[in-house]
Amino acid sequence: MSDAHEAAPPQPGTDSPGGSGPRVVLIGPMGVGKSTVGALLADRLGTGYRDTDADIVAAEGREISDIFIEDGEPHFRELERAAVRTAVAEHTGVLALGGGAILDRGTRELLSRLPVAYLSMDVEEAVRRVGLNTARPLLAVNPRRQWRELMEARRHLYTEVARVVVATDDRTPEEVAQAVLDALEWKDA
């Protein structure tokens, strides 16, 4: 399997409307390492890092799992949609989105002109990394089956908006960060 599918290489920070917006947006399933890889990429690119899940937690003053339990998934998705729009409008560094952010059609349209990297992993890697027994609200019952079902429902959406796909299986975060830079053809980073 190839690490990346081919697309015209974007220039960092210039491929979004008006030449602004994030230099790279990371998408992918929960537990794939978007936060860790995003921080490494930001460091290598000499820019800031932002995570929309962290934005939601900070704004709400509670964990995402609590939002799901107390207010339900539809409410969380509204918060997520707003957080993504705000971050894309304000942030010019590396941006990581929550695993389900791409479920929203408007978010996918917003990402269509940005340099998006989909970090992928298989279920065995997910089990190894997060054990599928952590406080992930969508994995509360039969986590392995739930993760597979989530990926079956989302994989085509991730690939729809991604400029590049980078497999994270059996790679260190540093190797994944370099693979993203290589896939986006950013030789000077």
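In this predicted model, helix α3 (residues 64-71) packs against helix α4 (residues 73-90) at an angle of about 130 degrees, and their axes lie 7 Å apart. That angle makes α3 oblique to α4, because angles over 145 degrees would count as roughly antiparallel and 65 to 115 as roughly perpendicular. On the side of α3, the contact involves Ile64, Ile67, Phe68 and Asp71, which meet Glu73, His75, Phe76, Arg77 and Leu79 of α4.

A second pair is formed by α1 and α8, packed at an angle of about 60 degrees with their axes 9 Å apart. Here too the angle makes the arrangement oblique, α1 against α8. The crossing of these two helices is right-handed. From α1, the residues Thr36, Val37, Leu40, Leu41, Arg44 and Leu45 take part; they meet Pro173, Glu174, Val176, Ala177, Gln178, Val180 and Leu181 of α8. The contact of α1 with α8 divides into 9 nonpolar, 2 polar and 2 charged residues.

| Helix pair | Angle between axes | Distance between axes |
|---|---|---|
| α3 and α4 | about 130 degrees | 7 Å |
| α1 and α8 | about 60 degrees | 9 Å |

Helix α8 spans residues 173-183, and its buried residues are Val176, Ala177, Ala179, Val180, Leu181 and Ala183. These buried residues pack against β1 (24-27), α1 (34-45), β4 (116-120) and β5 (164-167). Just after the helix, glutamate 185 adopts a positive phi of about 60 degrees.

In soluble globular proteins, nonpolar side chains tend to be buried together. The largest nonpolar core of this model has 22 residues, of which Val24, Leu26, Leu41, Leu119, Val166 and Val180 touch the most other members. At least two residues of this core come from each of β1, α1, β3 (94-96), β4, β5 and α8. The greatest contribution is that of α8, with 6 residues. Another core, of 19 residues, lies apart from the largest one and includes Val88, Leu97, Leu114 and Tyr118.

Key:
Residues numbered from 1 in each chain as written. Predicted model: local features only at pLDDT ≥ 70, side-chain atom pairs only at ≥ 80, totals over all residues. Heavy atoms only, no water. Buried < 20%, exposed > 50% of the residue type's maximum accessible area, 1.4 Å probe, protein only. Helix = DSSP H or I, 4+ residues; strand = E, 2+ residues; numbered from the N terminus. Contact = heavy atoms within 4.5 Å. Axes fitted to C-alpha atoms, helices over the stretch in contact; angles between N-to-C directions. Parallel < 35°, antiparallel > 145°, perpendicular 65-115°, else oblique. Core = buried A, V, L, I, M, F, W, Y, C linked by side-chain atoms within 4.5 Å. Left-handed = near helix turned anticlockwise from the far one by under 90°. Nonpolar A, V, L, I, M, F, W, Y, C, P; charged D, E, K, R; others polar.
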